[in-house]
Amino acid sequence: MSDSLVKVRSLVKHFKLEPKGLFDAPPVLRAVDGIDFDVQRGETLGLVGESGCGKSTTARLVLRLIEPTSGSITLDGVDVLATSKKELMALRREMQIVFQDPLSSLNPRMSVGTSIAEPLRFHRIADKVERFDLARRYLEIVGLSKDYYDRLPHEFSGGQNQRVAIARALILQPKLLILDEPVSALDVSIRAQVLRLLIDVQAEFGLTYIFISHDLSVVKRVCNRTAVLYLGKIVEIAESERLYREPLHPYSQALIRAIPEANPDGPRADSLAGIEGDVPSPVNPPQGCRFHTRCPHRMPVCTEKEPPLMEAGDGHKVACFLHQEAADHSDGQ
Amino acid sequence: MTNKDQIQETSTQRRRSASELRRENFHIMLRTLQLAWHAYAKDKAAVGALIFIGIIMILTIFAPYIAPHDPNEAVGTRGGLPGTDGLILGGDMEGRDLLSRLLWGGRIALLTGVAPTVAATCIAVFLGVVAGYIGGWIDQIIMRVLDVFFAFPLVLLAIVIAGSLDPGVSTLILSITIALVPYIARLVRTTTVSVKQEPYIEAARAGGATTPTILARYVLPNTLAPVIVYSTTLIGLMMVVASGLSFLGVGTQPPEADWGTMVSDGRAVLKKAPHASAFAGFMIVIVSLAFAFIGDGLRDALDPRARVR
Ligand SMILES: Nc1ncnc2c1ncn2[C@@H]1O[C@H](COP(=O)(O)OP(=O)(O)OP(=O)(O)O)[C@@H](O)[C@H]1O
Ligand SMILES: [Mg+2]
């Protein structure tokens with residue numbers, strides 16, 4: 001457990017929204033509301049949850065594309081939030097991201113080869129000719145021909161563009177790669193190929209992944225551990241295999257029940273079997289346990305107190321009062 | 001493995017790569033132009049307008065060599081109809097050759113259409129991109145100041161500015177430039193704000209790009225296209241405005257030939273010799289229409305998505 005590349009502690013991001021009336025206080029949207037997790041070197045940590053639960057916000061915070069309200073993040077022992085501009089540049093070389101929509105994540109007026117080489121230019125790593133050679137080499141690494149250097153993104157398919165985005169993320173040889181729904185926008189038929197590529201380059205470059213998705217069947221396939229988010233909180237985190245076999249949190253149970261085994265391209269977490277209602281607004285999250293409004297096992301305590309994330313054995317943690325007692329006993333309290 | 005280890009090349013390899021890179025860059029440029037022209041050429045009206053404006057530009061630029069007479073010298077009968085005194089288009093109310101005046105006047109008309117639009121576009125792109133990308137109080141200051149100008153109709157503002165300066169071509173250009181900046185700056189700002197939200201901007205930031213790099217390589221190329229289209233259509237309109245200002249006496253001064261002043265000069269003899277006003281007025285309308293057609297064509301030519309292999 002000691003060899004973690006990323007450590008996130010009590011991370012909070014509140015967005016201030018536009019006030020409704022002239023004299024109203026601005027409403028606060030609790031996108032990420034106190035989350036803790038570690039990512040071990042070389043592993044793939046999955047972040048799953050319904051739309052709007054704070055997955056992308058977490059990714060942006062870790063990369064320091066946005067500033068957190070509070071909390072701490074370390075990458076390889078370096079405090080991500082306490083860096084000078086120059087140190088931040090150095091940090092940016094260590095962590096990269098691949099976004100969901102490949103077409104819009106590439107400059108439409110830049111050839112894909114140039115786009116791949118851009119991070120080298122930003123960091124002044126190589127000269128023009130070297131950048132050109134490296135860009136062509138990375139085109140081949142992600143399974144494209146080096147002759148495609150001059151193509152524009154709109155001349156490519158979604159899968160090809162996502163390969164370009166992956167090449168761009170890899171060219172700085174980062175330690176951490178955050179994949180924000182990297183295959184959700186792609187045709188079902190090519191998802192598997194892109195996932196294969198991601199798994200291959202992870203082994204080849206010794207990468208650590210944070211894999212964001214709401215497609216649980218994909219997460220099950222690629223992630224060593226999985227964290228389930230609900231309204232800006234981690235409700236359960238465990239080895240993927242264990243989480244899928246015996247989910248403890250009612251929300252995780254519903255998510256996992258919603259995957260039809262027969263269909264590997266599976267439904268998205270948006271359709272929850274056995275769970276009534278919609279996700280409450282992150283502007284006014286429910287008192288107590290945030291899930292209590294939709295929980296089939298609701299108890300009186302759930303509406304009053306917020307359950308902390310507690311160890312339930314072997315690194316399996318869950319934030320639910322149903323499992324609180326067992327945890328209390330094992331802690332000897 | 002560090003990045004430096006990735007790039008170990010022999011000098012022969014390097015030389016070969018360098019020449020391939022040059023070829024590739026040249027190829028990209030050539031193909032961009034080809035595709036842009038291909039998209040532009042689909043619009044026949046735009047092609048016609050481009051040829052027409054090209055011809056007019058050549059004719060007016062070479063007016064000193066082409067014009068059969070001195071534009072400011074009386075060479076025929078006052079208000080002579082086309083053909084009289086050997087003047088193809090006839091004479092104006094002073095007996096000056098209309099054709100020569102039309103050629104010379106075209107220079108000023110084009111200059112007062114193109115120059116303020118280009119100048120205003122440059123200023124507006126700077127202001128709009130800064131306001132739109134940086135946002136915050138800088139945005140507030142820039143846009144609120146421009147709003148003050150925006151509150152006046154363009155023509156009225158231009159008249160007020162031109163009226164408070166010495167009349168002449170440079171006054172004309174300056175006043176129209178100032179009056180035009182807020183219009184273009186608004187478009188630039190709106191486009192910049194929407195480009196700023198594109199994921200490729202965030203991707204560049206995650207890659208380590210600094211703000212100036214993002215502005216130069218990502219924001220500017222993607223905001224410029226709609227602005228160029230808009231500005232091109234404005235050229236014709238500004239020609240009309242400039243003519244109007246000259247008509248009111250705050251622009252070009254007699255005896256200098258200019259399509260705007262020619263229309264106003266012809267008023268005096270409108271009944272007897274309508275052609276004295278008509279030719280110049282006709283040119284203003286046709287040329288400004290042509291710029292609008294060119295703008296339409298550019299819309300497709302500058303959109304990378306509209307170009308298909
Ligand atoms: N810049 C912002 N300003 C205000 N609210 C924001 C901002 N960015 C995100 N949010 C809000 O924060 C919440 C979490 O957003 P986030 O993008 O992290 O969700 P997500 O889990 O990635 O969802 P999805 O699956 O739809 O991508 C959402 O309610 C969203 O509306
Ligand atoms: Mg998201």
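Student: What makes β1 and β2 of chain A a pair of strands?

Tutor: In this predicted model, strand β1 (residues 4-16) of chain A and β2(A) are joined in the antiparallel sense over ten bridges. Two strands count as paired if there are at least two bridges between them, so β1(A) and β2(A) qualify. Along this pairing, Val12(A) stands opposite Asp33(A) in β2(A).

Student: Why are β2 and β5 of chain A called edge strands?

Tutor: Four strands of chain A form an open sheet with antiparallel pairing, in the order β2-β1-β4-β5. The strands β2 (28-40) and β5 (78-79) each pair on one side only, and that is what the name refers to.

Student: How do you know that Arg31(B) and Glu155(A) form a salt bridge?

Tutor: Their closest N and O atoms are 3.1 Å apart. The cut-off is 4 Å, so this pair meets it. The count between chain A and chain B is seven salt bridges, and there are also 19 residue pairs in polar contact, with both residues at pLDDT 80 or more.

Student: Which element supplies the largest share of the side of chain A that touches chain B?

Tutor: That is α4(A), with nine residues. The residues of this side divide into 20 nonpolar, nine polar and 16 charged.

Student: How much area do chain A and chain B bury between them?

Tutor: They bury about 3,900 Å², 50% of it on carbon and sulfur atoms. In chain A, Arg109(A), Phe122(A) and Asp150(A) lose the most area to chain B, together 17% of what that side buries. The contact takes 45 residues from chain A and 39 residues from chain B.

Terms used. Residues are numbered from 1 along each chain as its sequence is written. Chains are lettered from A and ligands numbered from 1 in the order in which they are written. This is a predicted model: local features need pLDDT of at least 70, side-chain atom pairs count only at pLDDT 80 or more; totals for chains, interfaces and linings use all residues. Side-chain values use heavy atoms; hydrogens and water are left out. Helices (H or I, at least four residues) and strands (E, at least two) are DSSP runs, numbered from the N terminus. Contact means heavy atoms within 4.5 Å. Buried area is the accessible area (1.4 Å probe) that two parts lose on being put together, summed over both. A salt bridge is a side-chain nitrogen of Lys or Arg within 4 Å of a carboxyl oxygen of Asp or Glu. A polar contact is a pair of N or O atoms within 3.5 Å; within protein, one must be able to donate a hydrogen and the other to accept it, and residues adjacent in sequence count only if both atoms are side-chain atoms. Ala, Val, Leu, Ile, Met, Phe, Trp, Tyr, Cys and Pro count as nonpolar, Asp, Glu, Lys and Arg as charged, and the others, Gly among them, as polar.
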